[in-house]
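I opened this entry to record what I looked up, one item at a time. The structure comes first, then my notes.

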Amino acid sequence: MFRSIMFLSAFVFSLPAWAGDLQPRDGWAVHPTTQTHDALTKAVKAAVKSNGLIVVTQAGPTKAAANRGITIPGNRVIGVFNNDFAVRVLETSTAAMIEAPIRIYVTENEDGTATLSYKLPSHVMAPYTDEGGAALAAIAQELDAAFQAIAKAATTGSH
């Protein structure tokens, strides 16, 4: 019996950790693609640069989990911003800068394809518009357009 429990435990813990593909939700843009996780991650980075923004941060648990013997789907969070937006946001709201950089999320789907998603910058900045006013709302709209352009370029290959 003990061997059966140990075998079952080893089997369960070796299964991939997968909560499922990312689904659309309020305040988010979700773009499923036919690209692989690695290809989409590379395309996002190129699209960020070609749209005048900068990759400020990157993080993902996939490789660290693999080093621990755990298989999880490709997962990369890419923080995107630039100094022009930072200075302009700070002119309207010190508190709003806690949201910078705004993140793009590249997730691997169960079928091996990948999804690009992000919270709309206008959604992210909404809690600060009482303080930042129309100027902050306008900056958030500019960022919405920039993120939409990044998503289009990364998902269609039109850098």
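I began with T33 in this predicted model: a polar atom of the T33 side chain lies 2.7 Å from the backbone oxygen of A114. The T33 side chain also reaches the backbone nitrogen of Q35, at 3.1 Å.

I then checked where T33 sits, and found it in the loop between β1 (28-32) and α2. Is T33 buried or exposed? I noted a relative accessibility of 11%; buried means under 20%, so T33 counts as buried. Leaving out residues up to four places away in sequence, I listed L40, T113, A114 and T155 as the residues T33 touches.

Next I looked at the overall layout. I counted 6 helices and 5 strands in the protein. From the N terminus, I read their order as α-β-α-β-α-β-α-β-β-α-α. Of the 159 residues, 36% count as buried. I put the accessible surface at about 9200 Å², with 58% of it belonging to carbon and sulfur atoms.

I turned to the largest nonpolar core, which has 32 residues. Which members touch the most others? I wrote down V44, L53, V80, I104, L116 and F147. At least two residues of this core come from each of α2 (37-50), β3 (75-81), α4 (83-92), β4 (102-108), β5 (114-119) and α6 (129-156). I marked α6 as giving the most, with 10 residues.

Last, I followed I104. Leaving aside neighbours within four places in sequence, I found I104 in contact with residues including V44, V80, L116 and F147. I also noted R76, S117 and Y118 among the contacts of I104.

How values were computed. Residues numbered from 1 in each chain as written. Predicted model: local features only at pLDDT ≥ 70, side-chain atom pairs only at ≥ 80, totals over all residues. Heavy atoms only, no water. Helix = DSSP H or I, 4+ residues; strand = E, 2+ residues; numbered from the N terminus. Buried < 20%, exposed > 50% of the residue type's maximum accessible area, 1.4 Å probe, protein only. Areas by Shrake-Rupley, 256 points an atom, 1.4 Å probe, with all protein chains shown as cover. Core = buried A, V, L, I, M, F, W, Y, C linked by side-chain atoms within 4.5 Å. Contact = heavy atoms within 4.5 Å. Polar contact = N/O pair within 3.5 Å; in protein donor to acceptor, adjacent residues only side chain to side chain.
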